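Student: I have a model open and would like to know what stands behind the labels put on it. Could we go through them one at a time?

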Amino acid sequence: MKAFQLIALLQEHDLYQSNSLKSDDVSFESLAYDSRNVSENGLFICKGKNFSVDYLKQAIANGATSYLAETDYSDVFSVPGIIVNDVRKAMSLAAQLFFGFPQNDLFLIGYTGTKGKTTSTYFTHNILEHAHPGEVAMFSTIDRIVGQGAKNQFKAHLTTAESFDLFKEMREAVDNGAKYLVMEVASQAYLLDRVYGLQFDVGIFLDITPDHIGINEHPNFANYLFCKQQLLLNSRNVVINADTDHFDEVLAAAQVSTAPDHIFTYGMNSDSASVSITDNQASLTASTFNLVVNSDNPMLASLAQTYNVSVPGDFNQSNASAAILATAIAGASADDMQYGLANTKVPGRMQFTRTKNHGTIYVDYAHDWGSMNALLGFLSTQFPDQRVIAVLGSTGDKGEDRREGFARALNDFADVAYLTADDPGHEDPIKIAEEIDSHIDHSKVDTTIVPKREDAIRQAITGASNTDLVVLAGKGEDKYQKVNGVDTPYPSDPVVAANVLESLADEA
Ligand SMILES: CC(=O)N[C@H]1[C@@H](OP(=O)(O)OP(=O)(O)OC[C@H]2O[C@@H](n3ccc(=O)[nH]c3=O)[C@H](O)[C@@H]2O)O[C@H](CO)[C@@H](O)[C@@H]1O[C@H](C)C(=O)N[C@@H](C)C(=O)N[C@H](CCC(=O)O)C(=O)O
Ligand SMILES: Nc1ncnc2c1ncn2[C@@H]1O[C@H](COP(=O)(O)OP(=O)(O)OP(=O)(O)O)[C@@H](O)[C@H]1O
């Protein structure tokens with residue numbers, strides 16, 4: 001990457017301020033935002049609220065020959081700098097340039113929403129993989145897929161990676177033959193300019209409920225909604241859930257930059273949506289629905305079919321419909337969609353085990369009011385004769401208002417609750433459980449506080465009869481508990497449940 005190319009790009013975006021390079025013809029052979037990862041002849045990016053000049057010092061010692069920053073450090077270091085007025089935006093552009101604009105070789109699908117991003121991303125990946133085997137990359141909260149084989153699949157650190165990592169992984173995917181990329185776009189991605197300058201072929205808005213508001217996240221709900229809407233403003237085609245809260249505002253935001261024939265909507269029994277979900281039938285382990293096409297757009301005509309979804313929950317029919325529209329725009333057939341939806345499992349999302357004597361056990365990632373309400377509401381309304389037994393906690397150090405929300409969902413839909421630890425952080429898990437408990441209506445919910453999660457799961461499963469629905473909520477397949485700033489090893493909910501069933505001689 002030549003310095004003059006970067007400077008020209010920064011100027012185009014009104015980000016450039018000055019430089020102290022001897023010549024703008026110099027090249028950089030590496031780029032890094034972490035001083036520990038700098039290599040020879042590198043450009044080091046100084047960013048972040050915890051940034052310290054010591055990192056720049058270390059970067060120089062490790063081979064940085066220049067830096068990109070909002071602050072001019074020429075009175076401290078002799079190494080020259082490129083000074084900009086917004087280093088996060090500049091980092092995204094530098095990464096795109098350094099990795100050769102990999103997005104230009106990809107059909108790019110992005111999902112935003114408080115809930116359903118990971119599930120819809122998995123659905124989309126599997127539909128497109130059926131249509132184009134080996135050509136579909138996926139960046140989800142759980143994992144990244146940048147090519148074939150185990151070496152090209154790895155765990156994710158963030159839902160949406162820092163721009164540098166994002167474009168690096170995109171480059172790897174393109175070099176491995178990817179032509180499609182489906183990714184989750186967290187609201188923080190726009191808050192922190194991780195996807196600055198990126199144009200999506202399809203941007204999908206799944207839903208919004210208050211969450212992710214607080215220190216290190218969004219200052220208020222208006223900012224959370226604003227950031228989510230940015231995906232629509234940066235997408236050529238837009239798909240919106242007609243049943244989402246704030247639908248009118250979301251649609252109005254999309255209409256600012258997208259022509260009406262590139263805006264698609266879906267909803268439950270909604271005549272005004274482009275496609276509507278009808279005749280939905282749910283079992284404990286799967287569901288089926290029909291899609292009715294209300295639009296005269298010929299691209300949608302073949303979507304009027306029956307679809308089977310192998311991840312239970314009526315909310316997953318909504319996620320499936322989003323994936324159907326997104327992949328239709330990408331050129332997939334109804335056959336690809338039917339195959340993909342019927343053959344997708346999502347780790348830690350509505351993962352179920354049917355036992356012989358202790359009911360059906362669900363491991364699910366629900367960890368805020370919106371998801372808990374959808375999950376418990378689905379089970380208790382669809383299967384009103386079966387008891388719902390929930391095991392849950394609430395994370396420490398953040399989202400305190402989730403605690404009251406969990407109690408509300410339990411009051412509305414649960415019969416029995418075991419309140420326990422879920423990433424307590426620097427807080428006492430018993431105090432968190434007591435806070436949830438203080439909002440519970442004990443005439444409706446039989447509640448027990450059990451500090452250790454393994455014990456809570458054991459008690460819940462042991463006490464369940466063969467018609468009960470046992471929900472282990474919040475941690476999915478996580479193999480750790482965050483305690484006092486440390487990821488403390490934890491076997492994971494599915495493993496704990498399997499061990500309990502083994503000891504009860506009640507494996508499915
Ligand atoms: C608030 C926030 O998003 N912070 C992210 C951000 O931190 P930051 O830019 O403030 O960086 P920092 O941690 O203050 O460090 C300053 C800089 O010094 C560098 N450094 C640090 C140490 C050193 O020795 N040398 C060095 O150069 C760091 O690499 C960094 O560039 O950049 C870091 C990586 O560069 C991220 O790890 C970090 O995510 C934190 C861990 C986080 O938890 N973020 C959450 C809120 C988040 O982004 N969540 C979303 C949404 C999830 C959802 O929808 O559910 C996500 O996309 O995951
Ligand atoms: N459309 C939906 N509406 C409400 N709840 C949902 C929906 N889809 C999934 N859920 C619930 O939310 C949980 C998380 O789902 P998923 O991982 O797909 O969403 P996400 O947006 O990636 O979540 P997060 O941001 O918490 O990682 C599920 O385990 C389920 O309980």
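Predicted model: local features only at pLDDT ≥ 70, side-chain atom pairs only at ≥ 80, totals over all residues.

Tutor: Start with what an element is: helices (H or I, at least four residues) and strands (E, at least two) are DSSP runs, numbered from the N terminus.

Student: Which elements give two or more residues to the shell around ligand 2, and which residues are the closest?

Tutor: Ligand 2 is surrounded by 20 residues, the closest being Gly116, Lys117, Thr118, Thr119 and Ser371. The elements that supply two or more of them are α4, α9 and α11 (369-382).

Student: What makes a residue count as part of that shell?

Tutor: Its C-beta atom, placed from the backbone, must lie within 6 Å of the molecule. For ligand 2, 20 residues surround the molecule on that basis. By class they are six nonpolar, nine polar and five charged residues. Domain 2 (102-342) and domain 3 (351-503) each contribute at least three residues to this shell.

Student: Why is glycine 116 called buried?

Tutor: The cut-off for buried is 20 or more other C-beta atoms within 10 Å. Glycine 116 has 28 C-beta neighbours inside 10 Å, so glycine 116 counts as buried. Its place is the loop between β6 and α4. Beyond its neighbours within four places in sequence, glycine 116 is in contact with Leu206, Asp207, Phe315 and Asn319.

Student: Which residues does the UniProt annotation "binding site" cover?

Tutor: In the unreviewed UniProt entry, that annotation covers Gly113, Thr114, Lys115, Gly116, Lys117, Thr118 and Thr119.

Student: How do you know whether threonine 114 is buried or exposed?

Tutor: Count again: threonine 114 has 21 other C-beta atoms within 10 Å, and the cut-off is 20 or more, so threonine 114 is buried. This residue sits in the loop between β6 (107-112) and α4 (117-131). Asp207, Ile208, Thr209, Asp211 and Gly370 are in contact with threonine 114, leaving aside neighbours within four places in sequence.

Student: And what makes threonine 119 buried?

Tutor: Threonine 119 counts as buried because 28 C-beta neighbours lie inside 10 Å. Threonine 119 belongs to helix α4. Not counting residues up to four places away in sequence, threonine 119 touches Val311, Asn316, Asn319, Val346 and Arg349.

Student: Which residue does UniProt list for "modified residue: N6-carboxylysine"?

Tutor: The unreviewed entry lists Lys228. Lysine 228 lies in helix α7 (residues 221-233). With 28 other C-beta atoms within 10 Å, against a cut-off of 20 or more, lysine 228 is therefore buried. Residues up to four places away in sequence aside, lysine 228 touches Thr112, Ser187, Phe205 and Ile208.

Student: Where does ligand 1 draw its shell from?

Tutor: At least three residues come from each of domain 1 (3-98) and domain 2 (102-342). Ligand 1 is surrounded by 20 residues, and Asp34, Gly48, Asn50, Leu158 and Thr159 are the closest. The classes are seven nonpolar, seven polar and six charged residues.

Student: How do you know that domain 1 and domain 2 are in contact?

Tutor: Two residues are in contact if their C-beta atoms lie within 7 Å. Nine residues of domain 1 meet nine residues of domain 2 in this way. Helix α3 (residues 87-98) gives the largest share of the domain 1 side, seven residues. That side divides into five nonpolar, two polar and two charged residues. Taken over C-alpha atoms, the centres of domain 1 and domain 2 are 34 Å apart.

Student: Why is proline 102 called buried?

Tutor: Proline 102 has 23 C-beta neighbours inside 10 Å, where 20 or more are needed, so proline 102 counts as buried. Proline 102 is placed in the loop between α3 and β6. Among its contacts, residues up to four places away in sequence not counted, are Phe167 and Met170.

Student: Which residues touch the most other members of the largest nonpolar core?

Tutor: That core has 152 residues, and Leu181, Ala390 and Val471 touch the most other members. Helix α9 (residues 315-329) gives the largest share of this core, nine residues.

Terms used
Residues numbered from 1 in each chain as written. Chains lettered and ligands numbered in written order. Core = buried A, V, L, I, M, F, W, Y, C linked by C-beta atoms within 7 Å. Buried ≥ 20, exposed ≤ 12 C-beta atoms within 10 Å, placed from the backbone. Nonpolar A, V, L, I, M, F, W, Y, C, P; charged D, E, K, R; others polar. Domains from an automatic or database assignment. UniProt positions renumbered as here; feature names shortened; annotations may be inferred.
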